[in-house]
Amino acid sequence: MEKDSLAPLIPNAESIKQKYTAAEAQPGASCTLRVDGHQVLFVDIVRWDRAPDPVDWNKVGSPYKHAAQRPVSFPGYASIGSDHAIIQAKCNTRTAYMSFAVYFAGDRVEDTPLGYKKLLRFINDFVPRETDKFGCTKN
């Protein structure tokens, strides 16, 4: 990860711990980032070897604070709010994609209409790395 994309999400701390767990049922993983014992970021990642179901990206984020469909730097779609994001990244084939659910918590969450920008910066850095890692895309 680029430090600039992660730094706005993490408060100054004495202890930062990451737990990465590979999924067993299908390609994917979950990652938790804790700062001084408090979870600040959780990401759930799944690679699907099928075409995605149709999604109304203008509605998918409606339960979350300030969420809306946002343009991203990679092929795909995203609904990103101040503390939550749902992402669908396209793979190089029409019959595969990756889904990401991102949960952000703590005192760095900006519950404002522009608060999504912190998560957007992280997502634009993180998602292409993970799609490449899981063989979905080749950067």
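Residues are numbered from 1 along each chain as its sequence is written, and side-chain values use heavy atoms, with hydrogens and water left out. As the model is predicted, local features need pLDDT of at least 70 and side-chain atom pairs count only at pLDDT 80 or more, while totals for chains, interfaces and linings use all residues.

The largest nonpolar core has 32 residues. Such a core is a set of buried Ala, Val, Leu, Ile, Met, Phe, Trp, Tyr and Cys residues joined through side-chain atoms within 4.5 Å; buried means under 20% relative accessible area, exposed over 50% and partly exposed in between (1.4 Å probe, protein chains only). Leu41 and Ile123 touch the most other members of this core. Two or more residues each come from strands E2 (28-35), E3 (38-48), E5 (76-80), E6 (84-90) and E7 (97-104) and from helix H2 (116-133). Helices (H or I, at least four residues) and strands (E, at least two) are DSSP runs, numbered from the N terminus. H2 gives the largest share, seven residues. Beyond its neighbours within four places in sequence, leucine 41 is in contact (heavy atoms within 4.5 Å) with residues including Leu6, Cys31, Val102 and Phe122.

Seven of the eight residues of E2 are buried, so this strand is largely enclosed by the rest of the structure. E2 is joined to strand E1 (residues 16-22) by seven bridges, and the two run antiparallel; strands pair if DSSP finds at least two bridges between them. The hairpin from E1 to E2 passes through five residues, and threonine 21 is placed opposite serine 30. Between E2 and E3, also antiparallel, there are eight bridges, with glycine 28 opposite valine 46. Two residues separate the strands of this second hairpin, in which aspartate 36 takes a positive phi near 50°.

One disulfide is counted, a disulfide being a pair of cysteine sulfur atoms within 2.5 Å. The sulfur atoms of cysteine 91 and cysteine 136 are 1.9 Å apart, and the link is left-handed, with -110° about the S-S bond. Cysteine 91 lies in the loop between E6 and E7 and cysteine 136 in the segment after H2, so the pair ties together parts 45 residues apart in sequence. Both cysteines of the pair are buried. Cysteine 31 also counts as buried, at 13% relative accessibility, but its sulfur is 18 Å from the closest cysteine sulfur, that of cysteine 136, too far for a bond.
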